[in-house]
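Please find below a colleague's note on the structure under review. The points are numbered and may be read in order.

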Amino acid sequence: VGGGSDTLVLKVSQDAYNGPAQYTVSVDGKQVGGTLTASASRASGQSDTVTVKGDWAAGGHTVAVTFLNDD
């Protein structure tokens, strides 16, 4: 997801509710890529590996995963 020389690897799993979990990933308040869909089941101990790419400066950053259909 995204493009650039820096890489962030996330592991995501779901408890499906209203269909598979849909989510977005943001770094420093800016969404990277579009809407993603989880397929791995948390209850089964599975996880999806998502590689996020960007061009971020050295130092700390804020990463957010926002689930869109979990209410």
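1. This note concerns a predicted model. When neighbours within four places in sequence are set aside, Ser-26 contacts Gln-31, Val-32, Thr-62, Val-63 and Ala-64.

2. In soluble globular proteins, nonpolar side chains tend to be buried together. Here the largest nonpolar core comprises 11 residues, namely Leu-10, Val-12, Ala-21, Tyr-23, Val-25, Val-27, Val-32, Leu-36, Ala-38, Val-50 and Val-52. Strands E1, E2, E3 and E4 are the elements that contribute two or more residues to this core. The largest share, 3 residues, is supplied by E2.

3. Which residues does Ala-38 touch, not counting residues up to four places away in sequence? They are Val-12, Gln-14, Pro-20, Ala-21, Tyr-23 and Asp-48.

4. The structure holds 1 aromatic pair. Tyr-23 and Phe-67 form this pair in a tilted arrangement, with 5.6 Å from centre to centre and 45° between the planes. The pair links distant parts of the chain, since Tyr-23 lies in strand E2 and Phe-67 in strand E5 (residues 63–67), 44 residues apart.

5. The last point concerns charge. Side chains of opposite charge can pair when their charged atoms come close. The structure holds 1 salt bridge. In this bridge the side chains of Arg-42 and Asp-15 meet at 2.9 Å, N to O. The two residues are 27 residues apart, and their pairing links distant parts of the chain: Arg-42 is in the loop between strand E3 (30–37) and strand E4 (48–54), while Asp-15 is in the loop between strand E1 (6–12) and E2. Asp-15 counts as partly exposed because its relative accessibility is 47%.

How values were computed:
Residues are numbered from 1 along each chain as its sequence is written. This is a predicted model: local features need pLDDT of at least 70, side-chain atom pairs count only at pLDDT 80 or more; totals for chains, interfaces and linings use all residues. Side-chain values use heavy atoms; hydrogens and water are left out. Contact means heavy atoms within 4.5 Å. A salt bridge is a side-chain nitrogen of Lys or Arg within 4 Å of a carboxyl oxygen of Asp or Glu. Helices (H or I, at least four residues) and strands (E, at least two) are DSSP runs, numbered from the N terminus. Buried means under 20% relative accessible area, exposed over 50%, partly exposed in between (1.4 Å probe, protein chains only). A nonpolar core is a set of buried Ala, Val, Leu, Ile, Met, Phe, Trp, Tyr and Cys residues joined through side-chain atoms within 4.5 Å. Rings of Phe, Tyr and Trp (its six-membered ring) pair if their centres lie within 6.5 Å; planes under 30 degrees apart count as stacked, over 60 as edge-to-face and the rest as tilted.
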